[in-house]
Amino acid sequence: MLSYRHGYHAGNYADVLKHTILLQTLQLMHKKDKPLVYIDTHAGAGGYALSDEFAQKTGEYLEGVAKLWDKTDLPQSLQDYVAAVRHFNEENPDELNFYPGSPAIIDMELGPKDRMVLHELHSTDYVLLDDYFCEDRQVKVLNGDGLQGLIAAVPPLERRALVLVDPSYEMKTDYQDVAETLIKAHKRFATGVFLLWYPVVNRAQTEGMLSRLANSGIKRQLRIEQAIKPDSDEFGMTAAGLWVINPPWQLDEIATELMDYLGKTLGQADGNITVKWEVGE
Ligand code: SAM
C-alpha cells in the first residue's frame, strides 16, 4: 500500500530544484517550434494547499520556496520559478498559500499543440489530479503504474518528449526498477529528454541506481544535486538531485547559476552542490 503523500513535502528545497529545472527544460525545448508530449510517471495531486494539515505538519516549504519568495536578487531561472508559483496563487499573488506540483507547472507553459500524459497510482491523489484536469483535452490522466506507462508511451507520435520520473521510492525495488525502466525507455526512444529525481537517504542505494544508468552506454547524462548537509547514517534525506538524460543545450549553464544561488540560500554551511556531466557525448 502506498503511504507517501507529496503534500507533506510540497515546496521544499528538493521541489525548488526539481521544478525550476523542469520549467527551464521545457522553456529550452520550446525554442524549437514543434509539438511535444510531457510524460509525468509519478504526478502527485497536481497542486497543494500550504495551509493544509500535511504542509503545516512538516513546514518543509518554509525551508524551500518560502525563502525565495521576497528575494530581489534571484537568477533568471528562479525568477521564472517564483513567477510560476505566484501565478498559481493568482487570487492573491502576494501571499504564498498554494504550491503547484509538476503537472500544474508544466500546464502553465504548455504549447497549444503539446499534450500531457500523467500517471498517479495513489487513489486519493489520482482523484484530485483527475479533477484538476478534467476539462483539459490536452491532458490524459491515468490511474496506473507510471513506469509501465512510460514504456507504453514511447516513442511518442510527436517524436519529442520531456519525461519526468519522480518516484516516492517507498519500495526498496524502486531504485532498480527505475534504472531498468529508463534504460528500456531510452532504447525505444533515444532522443527523449528524461529527468529523474532522486533523494539521498542512503548514499550507496542512490549511487547504485545512478551508476547503473551511467554505465548503461547511454550518452549525455548530467547530474544536478544539492546536499543540504553531509551524507549520514541517520534517517532522513540529506540531498536531492536530478539526473538528466539528453539535457537541452545550455541547461548545464543555467543549472550552474541556479545551484550557486541555491547553495547559498537553501543549503547549510556544510552543504554542497554539484553540476556534473557524468557521461558526455
Ligand atoms: N511529481 C510530483 C511533483 O513534482 O509535484 C510529485 C510526485 S511524488 C514525489 C510521487 C508520487 O508517485 C506520489 O503521489 C505517489 O502516490 C505516486 N506513486 C508511487 N508509486 C507510483 C507508481 N508506481 N506509479 C505512479 N505513481 C506512483
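**Whole chain**

The model is predicted. Start with a cartoon view. The chain has 10 helices and 10 strands. Its C-alpha trace spans about 45 × 45 × 40 Å along the principal axes. A compact globule of 281 residues would have a radius of gyration near 19 Å, and the 17 Å of the chain agrees with that. Colour by burial next. Buried residues make up 46% of the 281 residues. Of the contacts with a separation of 6 or more, 77% are between residues 24 or more positions apart.

**UniProt positions**

Now highlight the "binding site" positions from the unreviewed UniProt entry: His19, His42, Ser102, Glu120, Asp145, Gly146 and Asp166. Three of these get a stop below.

*Asp166.* The unreviewed UniProt entry also places the feature "active site" here, at Asp166. Look in the loop between strand S6 (161-165) and helix H8 (174-188). Is aspartate 166 buried or exposed? Aspartate 166 is buried, because 24 other C-beta atoms lie within 10 Å and 20 or more is the cut-off. Show its contacts beyond four places in sequence: Lys18, His42, Ser102 and Trp197. His42 and Ser102 are also on the "binding site" list from UniProt.

*His19.* Move to helix H1 (residues 13-29), which holds histidine 19. Histidine 19 has 25 C-beta neighbours inside 10 Å, so it counts as buried. Leaving out residues up to four places away in sequence, histidine 19 touches Tyr81, Ser102 and Ile105. Keep Ser102 on screen: aspartate 166 is in contact with Ser102 too.

*Gly146.* Go to helix H7 (residues 146-153), where glycine 146 lies. Glycine 146 is buried, with 25 other C-beta atoms within 10 Å. Which residues does glycine 146 contact, leaving aside its neighbours within four places in sequence? They are Thr41, His42 and His119. His42 is also in contact with aspartate 166.

**A last stop: Glu253**

Select helix H10 (residues 251-265) and pick glutamate 253. Glutamate 253 has 10 C-beta neighbours inside 10 Å, so it counts as exposed. Draw a C-alpha to C-alpha distance from glutamate 253 to alanine 84: the two are 21 Å apart in space. In sequence, glutamate 253 and alanine 84 are 169 residues apart.

Conventions
Residues are numbered from 1 along each chain as its sequence is written. This is a predicted model: local features need pLDDT of at least 70, side-chain atom pairs count only at pLDDT 80 or more; totals for chains, interfaces and linings use all residues. UniProt positions are given in the numbering used here, feature names are shortened, and annotations may be inferred rather than shown by experiment. Helices (H or I, at least four residues) and strands (E, at least two) are DSSP runs, numbered from the N terminus. A residue is buried if 20 or more other C-beta atoms lie within 10 Å of its own, exposed if 12 or fewer, and partly exposed in between; C-beta atoms are placed from the backbone. Two residues are in contact if their C-beta atoms, placed from the backbone, lie within 7 Å. The radius of gyration is taken over C-alpha atoms; the globule rule is 2.2 Å times the number of residues to the power 0.38.
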